[in-house]
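Here is a short report on one helix and its surroundings. Take a look at the structure before reading on.

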Amino acid sequence: MRRSISALLAGLMLGSALLSACAPASTATPEVVKETVPVQQTVVVTQVVQPTEAPTAIPGSIQINGAGATFPLPLYTEWTYAYQYVDPAVAINYQGIGSGGGKKAIIDGTVDFAGSDSLVSDDEYTQGGDLPMYPAVAGAVVVIYNISGLEATDPALILDRQTLVDIYNAKITTWNDPAIAALNPDLKDKLPNEPITVVHRSDGSGTTEIFTKGLTSFSPDWTAGGASSIEWPVDKAGNGVGGKGNPGVAAAVQNTPNSLGYVELDYALANKIAYTQLVNKAGTTVTANGDSLLAAMNDFSDTFTDKLTNTIVDAPGTDSWPIAGYTYYVLHTTSMTDCAKAEKLLQYIQWTLTDTAAAKKAADLGYAVLPDAVREQVIAKLSEVTCNGAPVLK
């Protein structure tokens, strides 16, 4: 009975959190960029991000700290806020510092769990000892743009896979390039003869890993690799701009006319930044949303590794979004010694995977919850987590 009441309260609070004046400030809205970004100059845009406030909990509550990917930060902020009403005996705090920072923190033992969109490397597995990854949700990476002269009522810009590669390779450098114009006949007369400022992440980033793995799959012309940090051809060409975190990239695009960049879908939605449609591998023009993400997950539903990792970019399905990826929980699975904290952590993760109100919040923010077949694999793997040699989940 107590669990039912708690679940009901969680659902109510998830809905009311958006309206409540007491709700934590959204980390999705970027703050002011510290410097003006001129066109045709490679700079790094820095972003001041306020720390996520730990939710208020009862005295003596168990404190659980996590850090890592900014990709799921808006969702994790909502989830940790709501969970204090499910279990007031635990306070969960998650800091968006990037996937690379999160993985380092869990390896160094400075956090209880990490968030990462970037896969744990063999070296990191060796350093961490016992760090399997657990898919949480899937998200879309979208291409945002700010083109002078385009109005909110204009159709969304359309790009295809090769054109996107050519832009990030600095082969297409102006907005009225014939390749872009051919894909956008309704915008042909509005595309300016202006240089494209190309924005990318300046920090080690799982969002970058998803994006560049997509570019690698899209065309053999992309030779810079698919990783969390790369050397960008546009930087060498002089029209690249770096932004720290998804908020930094979003801020750079918003503050730079005739620019283009990539962020997680939620940042585009939260900041009301236009984002492109993409022509996928099947030749279909698709929009990033829950349906196109689910289609991508289903295309690769039977290709998980034994570490529960998967790459879901450039899916072959007709309705699939081509730049998609899982965001993962990363935690120690055999070396935790604080068993009370371990139990609270796993109960929280299990709640995020199974609670209907938690799933609705994910969908509302533009993420896609795991299909049943994937969720069952994750929960089965969580049941293997031990503390002092004993299973954590009873």
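Helices here are DSSP runs of H or I with at least four residues, numbered from the N terminus. The model is predicted.

**Helix α5**

Start with α5, which covers residues 161-168. Of its 8 residues, 7 are buried, so the helix is largely enclosed by the rest of the structure. The buried ones are Arg-161, Thr-163, Leu-164, Val-165, Asp-166, Ile-167 and Tyr-168. Just after α5 comes Ala-170, with a positive phi of about 65°.

**The sheet beside the helix**

An open sheet is built from 3 strands in the order β6-β10-β11, with mixed pairing. Its edge strands are β6 and β11, and each pairs on one side only. β6 and β10 run parallel and are joined by 3 bridges. Asp-160 stands opposite Val-279 in β10. Where does α5 lie? It lies across β6 and β10, and runs at about 90° to β6.

| β6 | 158-160 |
| β10 | 277-279 |
| β11 | 285-286 |

**The core**

The largest nonpolar core has 114 residues. Which residues have the most contacts inside it? They are Trp-79, Val-142, Tyr-168, Phe-211 and Tyr-329. Strand β5 (residues 133-146) gives this core its largest share, 11 residues.

Leaving aside neighbours within four places in sequence, Tyr-168 is in contact with residues including Val-198, His-200, Phe-211, Trp-222, Trp-232 and Tyr-262.

Technical notes: Residues are numbered from 1 along each chain as its sequence is written. This is a predicted model: local features need pLDDT of at least 70, side-chain atom pairs count only at pLDDT 80 or more; totals for chains, interfaces and linings use all residues. Side-chain values use heavy atoms; hydrogens and water are left out. Buried means under 20% relative accessible area, exposed over 50%, partly exposed in between (1.4 Å probe, protein chains only). Helices (H or I, at least four residues) and strands (E, at least two) are DSSP runs, numbered from the N terminus. Two strands pair if DSSP finds at least two bridges between them. Contact means heavy atoms within 4.5 Å. Axes are lines fitted to C-alpha atoms, for helices over the stretch in contact, and angles run from 0 to 180 degrees between N-to-C directions. A nonpolar core is a set of buried Ala, Val, Leu, Ile, Met, Phe, Trp, Tyr and Cys residues joined through side-chain atoms within 4.5 Å.
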